[in-house]
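Take a look at the model below. Then read on for a short tour.

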Amino acid sequence: MKRKIIFLITKAGVLILILWLLFGVCFSIFQNNDEEMKPAIRQGDLIVSYQLNKNYVFHDLVAIVQDGKKQVGRVVAVEGDIVDIDGEGLKINGMYVQESDIPEKTERYAEGISFPVTLKKGEIFLLKDAREHATDSRIYGAVNKKNTLGKVVTLIRRNRL
């Protein structure tokens with residue numbers, strides 16, 4: 001009987017270790033609590049991000065913690081890029097960016113950072129899809145890749161009745 005109890009405790013310990021490795025080291029999972037990435041991500045959706053590969057490219061969805069809140073943003077620029085926003089929209093390295101899947105116009109915020117911005121090594125610039133009212137890199141500036149939760153690999157859509 002003692003052997004069976006030890007075996008059961010060992011199995012439970014191994015299971016806990018595997019879950020910790022998966023959801024503590026490899027993946028991050030959280031519920032989206034705002035509408036700033038609508039229509040791609042809605043309030044209530046579960047976000048799963050992969051934390052081990054932080055080589056982001058244009059248009060990747062990235063999970064971060066900003067002001068104590070987990071959130072998602074879309075990469076529009078990476079290290080070495082020059083980001084500017086003017087009356088015509090978003091410019092990366094002097095060229096206007098056409099984002100056909102973003103329904104709102106990209107504008108500067110009066111209370112935000114100063115443009116143009118040159119991204120340093122290890123930095124990315126994130127914008128939300130709901131551009132007209134979102135808190136993103138236009139407010140808090142570039143994000144260091146070390147401070148991200150990883151690339152969003154999937155989301156689980158909450159049913160709405």
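This report covers the basis of the model, its overall build and a nonpolar patch.

## Basis of the model

The model is predicted: local features need pLDDT of at least 70, side-chain atom pairs count only at pLDDT 80 or more, and totals for chains, interfaces and linings use all residues. Residues are numbered from 1 along each chain as its sequence is written, and side-chain values use heavy atoms, without hydrogens and water.

## Overall build

The chain holds two helices and eleven strands. Helices (H or I, at least four residues) and strands (E, at least two) are DSSP runs, numbered from the N terminus. Along the sequence, the pattern reads α-β-β-β-β-β-β-β-β-β-α-β-β.

The C-alpha atoms fill a box of roughly 75 × 45 × 25 Å along the principal axes. Of the 161 residues, 40% count as buried. Buried means under 20% relative accessible area, exposed over 50%, and partly exposed in between (1.4 Å probe, protein chains only).

## The nonpolar patch

Which residues make the nonpolar surface patch of about 760 Å²? They are Val14, Leu15, Ile18, Leu19, Leu22, Phe23, Ile29, Leu46 and Ile156. Patch residues have over 30% relative accessible area and no salt bridge; like charges are joined within 9 Å, nonpolar side chains (Val, Leu, Ile, Met, Phe, Trp, Tyr) within 5 Å. A salt bridge is a side-chain nitrogen of Lys or Arg within 4 Å of a carboxyl oxygen of Asp or Glu. Accessible areas come from the Shrake-Rupley method with a 1.4 Å probe; for residues, only the protein chains shown count as cover.

Helix 1 (residues 2–26) gives the most to this patch, with six residues. Isoleucine 18 lies in helix 1. Isoleucine 18 is partly exposed, with a relative accessible area of 43%.
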